[in-house]
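Work through these exercises with the sequence and model at hand. Try each task before you read its solution.

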Amino acid sequence: MSDVLAVAEHRRGDLRDVSLELITAGRDLADAQGGDLHLAVIGGDAEGFAGELNREGVDAIHAVDDGNEFNHDVYVQAVEQLFDEIGAGTLLLPNSVNGLDYAPAVAERLDVPLVTDAIDLAHEDGLSVTREMYASKVATTVDVDAAEVVVTVRPAEWPKAEGEGSADVRSFDPEIDESTVRSTVKGFEEVGGGDVDISEADVLISVGRGIEEEENIELVEALADALDATLSSSRPIVDAGWLPKNRQVGQSGKVVTPEVYIAIGISGAVQHVAGMKGSETIVAINTDSNAPIMDIADYAIVDDLFDVVPELIEEFGGEPP
Amino acid sequence: MKILVTVKEVAEAEDEFEIDGLDIDDRYLEYDLNEWDDYAIEEAVQIGEDGDDVEVVSVTIGPERAEETVRMGLAKGVDRAIRVWDDTIAGTDDLDVAAKAEILASVVEAEDPDVVFSGVQANDDTFGATGVALAERVGFEWAAVVNHLDQGSLSEGTASVRRELEGGVEELTDVELPAVLTIQTGINEPRYASLRGIRQAQSKPLDVQGLEDLGLDADVVESPVERTAVFEPETESDVVTFDGDANEEAAQLAEMLRDKGVVEG
Ligand SMILES: Cc1cc2nc3c(=O)[nH]c(=O)nc-3n(C[C@H](O)[C@H](O)[C@H](O)COP(=O)(O)OP(=O)(O)OC[C@H]3O[C@@H](n4cnc5c(N)ncnc54)[C@H](O)[C@@H]3O)c2cc1C
């Protein structure tokens, strides 16, 4: 019997979806372990968030009133103290950018093992976590032989918890040692604006690292022209400066839901898929029939893009560069 | 000022591969410098070039094979390298986050850097945790997923950074030094090593240390986290693959697009 503590995530006044997904994952695990599911929400409108988080399956919610936005030094101390106070066995945190900014430090402080980016959790003799390796080409199971553990959970893998709950909402007042708060969040900035909004496009021609060279970008530009479509890309193309930031699809770029998304030389990394899996029809052009993008594609051409794209341009009356 | 950069040689799987026991069969793995670490090296080397009296040291936990990628860092401008390895580490299947943090912590304590750069994640096991765990262990401040650093701020004892959050939002944060920053791709443009750099790298110090040299007991590698299965994920995919030569493939895709009515012509 052991309790699960999950910590919600919010930013700039909004609860993030992963918080509700944590409830689903946490409830299943608490059932398997015969324990309760506790939630913590730290900072911001903690009381208000606690109301939103009060979904079916949650046993208790601990609201910590400290600061507006995420500060990892505060989170680490609050979560460590709450985990100890509850006497929980499993700490479930989001595998988000902020989750990765404090989960490893909490695990260190509690001196318990850490497993990140879980895509499945099972509990029989002990906790068993499924996660991926080698750019999602394989999945692995890792068993944790410890009474206490910190696990981060991949966003969008579990459904959001629904139904109204009847959790007991209490406030928790951790002792924060201000001298250890040595980082200050000064503000936020939205990036990737500009003239083109790829999230408005009906058809996206999206190009990835398979294009190899900057000078080859004109090949996919010609295809986008021939189809009267909009050009977007995966992250490495933007990192390299071959296309501007506002063309990037994915976790740290834009979320797009076009009628047709044509991924050309894109492997389908989880952070990319996060931005395009809601597309109505997904087409992949890739030499690797095992690439993760194939798992979510509706149509595929397993071939060299440098052979296929010129043919496609001609199909639509264009002229390959 | 001293900058320590943690680097890892990572394995990448070829398109077609076989699983052998608890890993991909080594015949199908290719080794290279972790993509994120390349950006971490570049950031450190740039600071080294712009400032007087800046030493850039890299540290890796890895077998002799990893010296190739370590030398690559030296060729790009890292001054000196440390490689941690011995029979005890070699005999361990997976170093967990705590073990890596403990080993790197002993190097941090010996080197006493002002700032440590690590990659956001290693592209093979993608734990994404070593840098922050290390920071907590040595009592440094930290920032994860940094895609901009105001290099000038370092001389004032602060790292003014941007952390790349989800959805095109960046967080502007000041972090007191000493600190660990986990570096995100795109923060800079990693250079290629010059021929001159490659020649010079051959004579730069590359020091190999074992657990004992670092004052650590053999049991630091023991872990309650154990890999018990590796498998190819079952796909629920019902993808329709267009077959034929490139011309035939393109024709079928074109027909599908026209049928959907999303394109004209
Ligand atoms: C915190 C964080 C945030 C991130 N945010 C994003 C994000 O917002 N968006 C994003 O895209 N990524 C993001 N990433 C990066 C992501 O993990 C991947 O590294 C990236 O998506 C890979 O891009 P890619 O598919 O173009 O390249 P690769 O993974 O290198 O894939 C290239 C593909 O091209 C194929 N190929 C090669 N040559 C050819 C050819 N001639 N013809 C046809 N196919 C070919 C290969 O088989 C391969 O599948 C993020 C990572 C982190 C850690």
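On a 1 Å grid over the protein atoms alone, a cavity is a set of points where a 1.4 Å probe fits but cannot get out, while a pocket is an open set with protein on both sides within 12 Å along at least five of seven lines; lining residues have an atom within 4 Å of a point. Grid points are joined across faces, edges and corners, and a volume is the space filled by probe spheres set on the points.

The model is predicted: local features need pLDDT of at least 70, side-chain atom pairs count only at pLDDT 80 or more, and totals for chains, interfaces and linings use all residues. Residues are numbered from 1 along each chain as its sequence is written, chains are lettered from A and ligands numbered from 1 in the order in which they are written, and side-chain values use heavy atoms, without hydrogens and water.

**Exercise 1.** Count the cavities of 30 Å³ or more, then describe the largest cavity.

Step 1. The count is four cavities of 30 Å³ or more.
Step 2. The largest cavity holds about 200 Å³ of space.
Step 3. Its lining has 14 residues; V142(A), D94(B), L95(B), D125(B) and F127(B) lie nearest the centre.
Step 4. Now find the elements. Helices (H or I, at least four residues) and strands (E, at least two) are DSSP runs, numbered from the N terminus. The largest share, three residues, comes from β14(B).
Step 5. Sort by class. Ala, Val, Leu, Ile, Met, Phe, Trp, Tyr, Cys and Pro count as nonpolar, Asp, Glu, Lys and Arg as charged, and the others, Gly among them, as polar. This lining has six nonpolar, one polar and seven charged residues.

**Exercise 2.** Describe the second largest pocket.

Step 1. The volume of this pocket is about 1,200 Å³.
Step 2. It is lined by 50 residues, and K8(B), D93(B), D94(B), D124(B) and D125(B) are closest to its centre.
Step 3. By class, the lining splits into 24 nonpolar, 13 polar and 13 charged residues.

**Exercise 3.** Why is the ligand site shared between chains?

Step 1. Residues from chains A and B surround the ligand, so the site is shared.
Step 2. A residue is near a molecule if one of its heavy atoms lies within 4 Å of it. There are 28 residues around the ligand, and S234(A), S252(A), S267(A), Q271(A) and N286(A) come nearest.
Step 3. By class, this shell has seven nonpolar, 16 polar and five charged residues.
Step 4. Look for polar contacts (pairs of N or O atoms within 3.5 Å). A backbone N or O atom of V249(A) lies 2.8 Å from a ligand nitrogen. A polar side-chain atom of S252(A) is also 2.8 Å from a nitrogen atom of the ligand.
Step 5. Check the cover. Alone, the ligand exposes 990 Å², and the protein buries 87% of that (areas by the Shrake-Rupley method with a 1.4 Å probe).

**Exercise 4.** Which peptide bond of chain B is cis, with omega near 0 degrees?

Step 1. The cis bond runs from L177(B) to P178(B).
Step 2. P178(B) sits in the loop between β11 (169–176) and β12 (179–183) of chain B.

Technical notes: Polar contact = N/O pair within 3.5 Å; in protein donor to acceptor, adjacent residues only side chain to side chain.
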